[in-house]
Amino acid sequence: MITEVRANVGMAVDDVVVEEQLLTIGVFARRSRLSLRALRLYDHLGLLSPAVVDPDTGYRRYRDDQLFTARLIVGLRRLDMPLSDVARVLSGPREVGVEVLEEYWAAVERRLAFQRGLAERLGESLRGGQTRFPAFTVLEREVPETILLSEIKAVDLPALRATVTGAIARLTRRAADHGGAVGGPMVFFHGEVNEDSDGPVEVGIPVRTASAATRREPAQLQAYVTVTRAQWEWPQILSAYDAVEEWIRQHQRTGVGAAREVYRVGIDPVAAEPAEEVCDVAVPIVAARR
């Protein structure tokens, strides 16, 4: 009996100690540099949940060791990391979180490099100079008529890669019913795809035989540049489009169709080596009228 009483007393004391170690939401907010609103949001998203929530009052308490997670979130958000990526950092082992952080920051640096170059080109244009794209050599080529099995869809930038990948897989399976594919995938941009615009985007596979499900892309003259894996990442690939458009302007040509990416047969751009050629960025053109 005495042992049982002591055990019960010990449990009660332990509970008191644990309760005393918990931080009120106000104290936790100050020490973590997060607002009460942010803490409630992160709880709702499953990023940072309280250690204890009073079932009657809904009052929240946090453990002292949760400050590491809170401050990590603060730091990641200062890098402008989206909450979806923050969740990936927090949800797995720390080595996985490190990989997510490094991939995210590499993408930020690529975007900043592109934006730096774009700002320089825009400044040169405003000063009346000639815009140059030394990384790209624009060429011309004749392209014969092509039978295309295609899908078209309005898509925003975050969903672009998944949409294109899914369409290529579906169309490749269907190509067997049209004599098989006779070239690499093609992605047509019938409108701008960026933070404010959703295309539409058409994904096509060149096939041998026509049907009600195919369309014909007419024979045409194209201006194009070849893009490596390193140049293919967004937003670097936008410089390839800009290079073609600037060449068209300087050489007194006229663009007459949607800009498109024409991929190499059997090349997976994501898995390619940085210097490997993965696609051409092309625009149909005609000579300007004089």
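Two rings of Phe, Tyr or Trp are counted as a pair when their centres lie within 6.5 Å of each other, and planes under 30 degrees apart count as stacked, while those over 60 degrees apart count as edge-to-face. The structure on screen is a predicted model, and a search of the whole of it finds 2 aromatic pairs.

**First stop: the aromatic pairs**

Select F28 and Y62, whose ring centres are 4.2 Å apart and whose planes meet at 10 degrees, so this pair is stacked. Because F28 belongs to helix 2 (residues 25-32) and Y62 to strand 3 (residues 60-62), the pair ties together parts that are 34 residues apart in sequence. Are these two residues buried or exposed? Both F28 and Y62 are buried.

Now select F189 and Y241, where the centres are 6.0 Å apart and the planes stand at 85 degrees, so this pair is edge-to-face. F189 is in strand 6 (residues 186-189) and Y241 is in helix 9 (residues 237-250), so parts that are 52 residues apart in sequence are tied together here. F189 counts as buried at 18% relative accessibility, and Y241 is buried as well, with a relative accessible area of 14%.

**Second stop: charges over rings**

Select R141 together with Y224, and you will find the charged end of R141 over the ring of Y224, 4.0 Å from the ring's centre. Then select R215 and F188, where R215 lies over the face of F188 at 5.1 Å from the ring centre.

Select residues 220-228, which form strand 9; 7 of its 9 residues are buried, so the strand is largely enclosed by the rest of the structure. Which residue of strand 9 is the bridge partner of R141? The partner is Q222.

Turn to the largest pocket, which has a volume of about 1,800 Å³. It is lined by 48 residues, of which L157, L160, R161, E233 and W234 are the closest to its centre, and selecting these five is a way to find the place. Among the elements that each supply at least two residues of this lining are helix 7 (160-174), strand 6 and helix 9, while helix 6 gives the largest share, with 8 residues. By class, the lining of the largest pocket is made up of 26 nonpolar, 6 polar and 16 charged residues.

For the second largest pocket, which holds about 280 Å³ of space, select V143, T146, M186, P206 and V262, the closest to its centre of the 18 residues in its lining. Strand 4, strand 9 and strand 11 are the elements that give two or more residues to this lining, and strand 11 gives the most, with 3 residues. The lining of the second largest pocket divides into 7 nonpolar, 5 polar and 6 charged residues.

Definitions and conventions. Residues numbered from 1 in each chain as written. Predicted model: local features only at pLDDT ≥ 70, side-chain atom pairs only at ≥ 80, totals over all residues. Heavy atoms only, no water. Helix = DSSP H or I, 4+ residues; strand = E, 2+ residues; numbered from the N terminus. Buried < 20%, exposed > 50% of the residue type's maximum accessible area, 1.4 Å probe, protein only. Lys NZ or Arg CZ within 6 Å of the ring centre and 35° of its normal. Pairing = 2+ DSSP bridges. 1 Å grid on protein atoms, 1.4 Å probe; cavity = no way out; pocket = protein on both sides within 12 Å on 5 of 7 lines; lining within 4 Å. Points joined across faces, edges and corners; volume = space filled by probe spheres on them. Nonpolar A, V, L, I, M, F, W, Y, C, P; charged D, E, K, R; others polar.
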